[in-house]
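Here is a friendly walk through some local details of a structure that you can follow in the viewer.

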Amino acid sequence: MSARMSVILAFFAVVALIAGCGGDDQQGPAIQIPKTIAAPTLAVPAAGGPAWNPAAPVVVKADHGVLNQVTMVDTDSGKQINGDISPDKLTWTSKDPLTFGASYKVDAQAVNMALMSTSQSFTVNTISPDSTAYANVVPAPNLVADIGIGVGQPMVFQFTKPVVNKAEVQKHLKVTTTPNQPGAWYWTDDSNVHYRAAQYWQPGTKIHIEADVFGLDLGNGIFGAENNSADYTVHDSWVAKADGSTEVLTVFHNGEQVNSMPMSLGDPGHPSHEGPHVISAKNNSIVMDSCSYGVCKGQPGYYRETVYLDLRISNDGEFVHSAPWSVGQQGSSNVSHGCVNLSPGNAQWMFDHFNIGDVVEITNSGGGKLPIYDTYGDWEVPWDQWSAGNANG
């Protein structure tokens with residue numbers, strides 16, 4: 001039996017059920033077929049209408065009949081786009097992903113119970129945005145796949161171009177935490193949106209994040225280039241407390257003190273920022289050059305030096321690192337340019353135990369609060385302000 005005949009017989013069966021029974025037992029059920037039968041029609045995307053957003057599936061509908069066959073092909077590559085016909089044979093919906101700036105040819109056929117058929121071919125042209133943007137995740141999942149992230153690490157989507165329609169974008173962002181820890185999104189600038197809970201993550205938390213932004217209008221002619229998602233695991237809690245009044249760095253593992261060490265914070269001319277800092281990178285060595293913030297060679301205070309065992313705690317040049325030149329001042333005075341100076345041995349211990357997402361809380365430094373944009377000043381924003389959000393601000 002042909003596929004077309006199967007469809008027609010199924011359609012007749014529906015008509016029979018609707019018509020009901022008549023006559024006596026010898027005559028059996030009577031099927032009432034109208035004298036006038038409407039020709040089948042197809043509802044398709046309007047020709048010459050606006051370009052199609054590839055984030056939406058293409059839908060073909062039949063009226064006064066059922067769909068017999070639908071094919072959809074990318075006219076450039078010849079690739080067939082698969083779709084599903086609904087159980088009632090009235091709707092076909094594409095299910096393969098579509099792309100920007102593409103052209104697709106669709107051929108559809110419908111038939112009614114009188115074997116009257118209609119066919120239609122049409123073309124769907126998808127939009128070609130002025131520009132697209134990706135929603136990258138920070139930190140890169142492969143960077144922390146083996147070690148996990150610390151309890152202070154915010155979830156971050158970093159868009160490759162500024163976002164205007166922030167409130168709409170947030171509707172397409174999702175975070176799932178196990179165990180559940182309610183949180184909120186907050187825009188640190190036009191390209192970066194961060195998610196955190198009211199307090200640091202619980203050790204062992206599993207976090208899944210999604211950005212379903214493909215085809216989404218981000219504003220100013222920019223559309224989302226693709227969807228993105230990532231999974232993270234929070235490792236043990238490591239929090240170091242750097243107190244400028246005692247010049248001591250005290251380390252806590254899962255809430256229990258496990259170490260303390262003398263240190264030196266930023267001098268009065270370069271005070272360390274106060275508040276929770278989150279480790280965003282670690283390097284065995286970095287060349288630190290004062291010219292990066294405007295004090296260049298030949299000027300008073302210029303320096304250029306290779307510094308070892310570096311844990312970055314802000315994007316403003318603050319690190320926890322080895323400082324053998326200041327061992328004599330560690331524990332008694334602040335002499336750095338904003339960093340947490342440690343002896344080589346203590347710096348090695350910190351480097352061995354602290355990783356991305358772990359926390360260094362600085363107090364009594366004489367500096368201002370770590371700015372929210374300064375990777376990561378997230379924890380300086382009070383929870384009532386953070387949870388209220390700023391997408392419309």
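## Cis peptide bonds

Pro-139 sits in the loop that runs between strand S9 (135–138) and helix H2 (141–144). In this predicted model, the peptide bond between Val-138 and Pro-139 is cis, with omega at about 0°.

Another cis bond leads from Thr-375 to Tyr-376, and its omega is near 5°. To find Tyr-376, look in the loop between strand S26 (359–363) and helix H5 (383–388).

## The second largest pocket

Some of these residues come back when we turn to the second largest pocket, whose volume is about 230 Å³. Which residues of its lining are the closest to the centre? Among the 16 lining residues, these are Val-138, Gln-158, Asn-192, Thr-375 and Tyr-376. Val-138 is a partner in the cis bond to Pro-139, while Thr-375 and Tyr-376 are joined by the other cis bond described above.

Two or more lining residues come from each of strand S10 (155–159) and strand S13. By class, the lining of this second largest pocket holds nine nonpolar residues, six polar ones and one charged residue.

## Salt bridges

How many salt bridges does a search of the whole structure find? The search gives five. As background, side chains of opposite charge can pair when their charged atoms come close.

One to look at is the bridge between Lys-166 and Asp-190, with 2.9 Å from N to O. This pair ties together distant parts of the chain, 24 residues apart: Lys-166 belongs to helix H3 (166–170), and Asp-190 to the loop between strand S12 (183–187) and strand S13 (192–197). Are the two partners buried or exposed? Lys-166 counts as buried because its relative accessibility is 12%, under the 20% limit. Asp-190 has 43% relative accessibility, so this residue counts as partly exposed.

Two further bridges are worth a stop. Asp-107 pairs with Lys-105, and their closest N and O atoms are 2.8 Å apart. Both residues are partly exposed: Asp-107 has a relative accessible area of 26%, and Lys-105 has one of 36%. Glu-168 and Lys-171 also form a salt bridge, at 3.4 Å from N to O. Here Glu-168 is partly exposed at 31% relative accessibility, whereas Lys-171 counts as exposed because its value is 64%, over the 50% limit.

If you are checking backbone torsions, His-64 deserves a look: its phi is positive, about 60°, although the residue is not a glycine. His-64 is placed in the loop between strand S2 (59–63) and strand S3 (66–74). With a relative accessible area of 42%, His-64 is partly exposed.

Glu-247 also has a positive phi, near 60°, and it too is a residue other than glycine. Its setting is the loop between strand S18 (238–243) and strand S19 (248–253). Is Glu-247 buried or exposed? The relative accessible area of Glu-247 is 6%, so the residue is buried.

## Two buried loop residues

Thr-205 belongs to the loop between strand S13 and strand S14 (206–211), and its relative accessibility is 0%, so Thr-205 counts as buried. Which side chain does the side chain of Thr-205 meet in a polar contact? The partner is the side chain of Gln-181, at 2.8 Å. Setting aside neighbours within four places in sequence, the contacts of Thr-205 are Thr-177, Thr-178, Pro-179, Gln-181, Tyr-232, Thr-233 and Val-234.

Ser-343 lies in the loop between strand S25 (340–342) and helix H4 (344–353). Ser-343 counts as buried because its relative accessibility is 16%, under the 20% limit. With neighbours within four places in sequence again left out, Ser-343 is in contact with Ser-322, Val-327 and Gln-330.

Notes:
Residues are numbered from 1 along each chain as its sequence is written. This is a predicted model: local features need pLDDT of at least 70, side-chain atom pairs count only at pLDDT 80 or more; totals for chains, interfaces and linings use all residues. Side-chain values use heavy atoms; hydrogens and water are left out. A salt bridge is a side-chain nitrogen of Lys or Arg within 4 Å of a carboxyl oxygen of Asp or Glu. Buried means under 20% relative accessible area, exposed over 50%, partly exposed in between (1.4 Å probe, protein chains only). Helices (H or I, at least four residues) and strands (E, at least two) are DSSP runs, numbered from the N terminus. On a 1 Å grid over the protein atoms alone, a cavity is a set of points where a 1.4 Å probe fits but cannot get out, and a pocket is an open set with protein on both sides within 12 Å along at least five of seven lines; lining residues have an atom within 4 Å of a point. Grid points are joined across faces, edges and corners, and a volume is the space filled by probe spheres set on the points. Ala, Val, Leu, Ile, Met, Phe, Trp, Tyr, Cys and Pro count as nonpolar, Asp, Glu, Lys and Arg as charged, and the others, Gly among them, as polar. A polar contact is a pair of N or O atoms within 3.5 Å; within protein, one must be able to donate a hydrogen and the other to accept it, and residues adjacent in sequence count only if both atoms are side-chain atoms. Contact means heavy atoms within 4.5 Å.
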